[in-house]
Amino acid sequence: MTIYALSSGPGRAGIAVIRISGRASRKTLYALCNGRLPAPRVSSFRRLRHPTSREMLDEAMVLWLPGPANFTGEDMAELYVHGGRAVVTAVMNALADVGLRLAEPGEFTRRAFGNGKLDLTEAEGLADLINADTEIQRRQALAQHSGAMRARYEKWWRTLLKAMAYVEASLDFSDEADIADGAFKEAVPEARSLAAELERALADGRRGEILREGISVAIVGEPNVGKSSLLNALAGREAAIVYDEPGTTRDVIEVSLDLDGYPFVLRDTAGIREAASPVEQEGVRRALAAAEAADVVLAMVDGSCGDVGAVPAEGEAGGAPLRGSIAGAAITPSSGVKLLVVNKVDLAPPPAPGSFGPEAIYISAKTCLGLDALKAALVRFASESYGSGEAPTITRVRHRQEIGRARAALVAFLDGAEAGEAPELAAEHLREAADALGRLTGRLDVEDVLGQIFGEFCVGK
Ligand SMILES: Nc1nc2c(ncn2[C@@H]2O[C@H](COP(=O)(O)OP(=O)(O)OP(=O)(O)O)[C@@H](O)[C@H]2O)c(=O)[nH]1
């Protein structure tokens with residue numbers, strides 16, 4: 001079936017791109033162009049007419065892209081029409097009138113995959129490229145789309161095939177014990193080196209997934225220390241309500257932020273305190289959960305009140321009384337880092353440098369003093385922890401799970417080999433590992449993961 005979709009964004013624009021893919025592309029374009037089919041891959045000006053009523057629809061640039069040397073591998077056409085809603089509707093209605101069907105989300109890419117134009121990791125990279133909001137996300141997605149992960153997974157796949165070949169050989173020569181034994185022994189170092197490589201790939205601190213989803217930053221602290229003010233100052237807009245009354249923020253408020261190309265998801269949380277009402281208690285529970293799950297906790301204290309004291313060291317209870325509240329300072333995320341942020345430094349008297357420990361960042365969410373230093377600290381943390389997005393890395397839970405399964409199967413193989421397990425069982429472990437690696441790129445058992453992957457696309461891709 002030949003499909004069509006608006007491939008550019010919805011809404012009014014200078015130009016809109018309508019894409020067509022499938023066997024009837026040529027015939028449809030021929031009819032739309034009143035019999036003047038453009039030369040392949042040469043953009044040409046045409047007056048588009050309704051194929052049956054002959055009514056003029058628009059003046060457009062059109063491209064005729066015969067398969068297989070194009071995106072989907074099928075015959076394709078692209079229409080660059082004027083981007084008004086009525087123009088797009090009229091052209092798309094004309095395509096429906098001649099029996100073409102509106103594409104489902106991701107259907108163009110799915111067809112490209114079906115025709116061997118890209119593997120699953122490259123298709124996922126394309127989805128990420130379309131969804132990339134920041135420079136680092138773009139780089140990571142482009143590396144994946146242009147085959148960095150495919151190359152890595154295929155290298156693993158080849159090592160595994162080698163090990164499988166040795167085991168299969170040992171089964172074929174089971175009558176000749178020496179040869180069988182020798183072949184089997186060759187499989188072990190291959191499997192061992194691959195298991196170690198998969199282990200290393202898994203121990204990446206989830207950097208690819210974090211960059212893809214955004215680095216999660218929770219702002220926590222006692223009520224009224226200025227958490228919402230900081231969120232607004234960083235976001236550059238009034239995303240959260242700021243009010244001179246403790247307990248203003250009840251729920252977690254989220255904004256996305258691009259700092260030097262790194263994607264951050266900033267969360268403002270309810271002030272941590274002995275909550276009186278159930279609603280407040282729930283707010284505090286959510287605040288603690290956000291801090292627990294965060295990659296970075298901005299533990300905020302109000303530097304303008306109380307006695308100056310030292311922040312207790314990690315794991316040390318109490319310490320000297322601290323100016324402001326220490327509720328924020330006392331929170332530690334489960335796997336992320338904590339930055340101590342001392343707010344309201346615009347209020348006299350300013351805290352002496354270092355009053356809150358050498359690592360503290362002094363800011364005024366009101367006057368924006370110190371915000372650049374805070375942003376720089378976040379960017380430094382991101383680049384040291386997650387890199388620049390170019391090295392091939394796991395970017396999805398799906399990949400992590402499959403690599404984990406492959407590794408577990410290889411470990412089972414190695415344990416079995418040590419324990420003198422029958423070669424038939426050993427071969428089964430390797431096949432399991434191959435299935436897992438095969439699902440990564442889509443070589444085997446792909447149907448069950450297809451829906452999930454292509455569902456991430458928008459219509460027209
Ligand atoms: N002088 C000064 N006032 C600030 C600063 N940051 C916040 N404030 C004020 O402190 C009060 C509380 O600010 P919020 O940003 O609502 O504080 P919060 O921590 O989100 O408060 P809760 O929602 O109650 O947890 C408001 O009156 C702000 O204007 C600052 O840097 N300097």
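## Surroundings of helix α9

The buried residues of α9 pack against strands β7 (215-221), β8 (253-259), β9 (262-268), β10 and β11 (337-343), and also against helix α11 (371-386); contact here means that the C-beta atoms of two residues, placed from the backbone, lie within 7 Å. Helices (H or I, at least four residues) and strands (E, at least two) are DSSP runs, numbered from the N terminus. The model is a predicted one, in which local features need pLDDT of at least 70 and side-chain atom pairs count only at pLDDT 80 or more, while totals for chains, interfaces and linings use all residues. Residues are numbered from 1 along each chain as its sequence is written.

Helix α9 (residues 227-235) has 7 of its 9 residues buried, so α9 is largely enclosed by the rest of the structure. A residue is buried if 20 or more other C-beta atoms, placed from the backbone, lie within 10 Å of its own, exposed if 12 or fewer, and partly exposed in between. In α9 the buried residues are K227, S228, S229, L230, L231, N232 and L234, and just after this helix G236 takes a positive phi of about 75°.

## Nonpolar cores

A nonpolar core is a set of buried Ala, Val, Leu, Ile, Met, Phe, Trp, Tyr and Cys residues joined through C-beta atoms within 7 Å. The largest such core has 43 residues, and those with the most contacts inside it are V217, V220, M300 and V341. Strand β10 (residues 296-302) supplies the largest share of this core, 6 residues. Apart from it lies another core, of 36 residues, with I3, L48, W64 and V81 among them.

Leaving aside its neighbours within four places in sequence, V341 is in contact with L298, A299, M300, I361, I363 and L374.

## The α4 and α5 pair

Helix α4 (residues 120-131) packs against helix α5 (residues 135-145) at an angle of about 155°, with their axes 7 Å apart. That angle makes α4 roughly antiparallel to α5, a description used for angles over 145 degrees; axes are lines fitted to C-alpha atoms, for helices over the stretch in contact, and angles run from 0 to 180 degrees between N-to-C directions.

On the α4 side, T121, E122, E124, G125, L126, D128 and L129 meet R138, A141, L142, Q144 and H145 of α5. The residues of this contact divide into 4 nonpolar, 4 polar and 4 charged, where Ala, Val, Leu, Ile, Met, Phe, Trp, Tyr, Cys and Pro count as nonpolar, Asp, Glu, Lys and Arg as charged, and the others, Gly among them, as polar.

Definitions and conventions: Angles under 35 degrees count as roughly parallel, over 145 as roughly antiparallel, 65 to 115 as roughly perpendicular and the rest as oblique.
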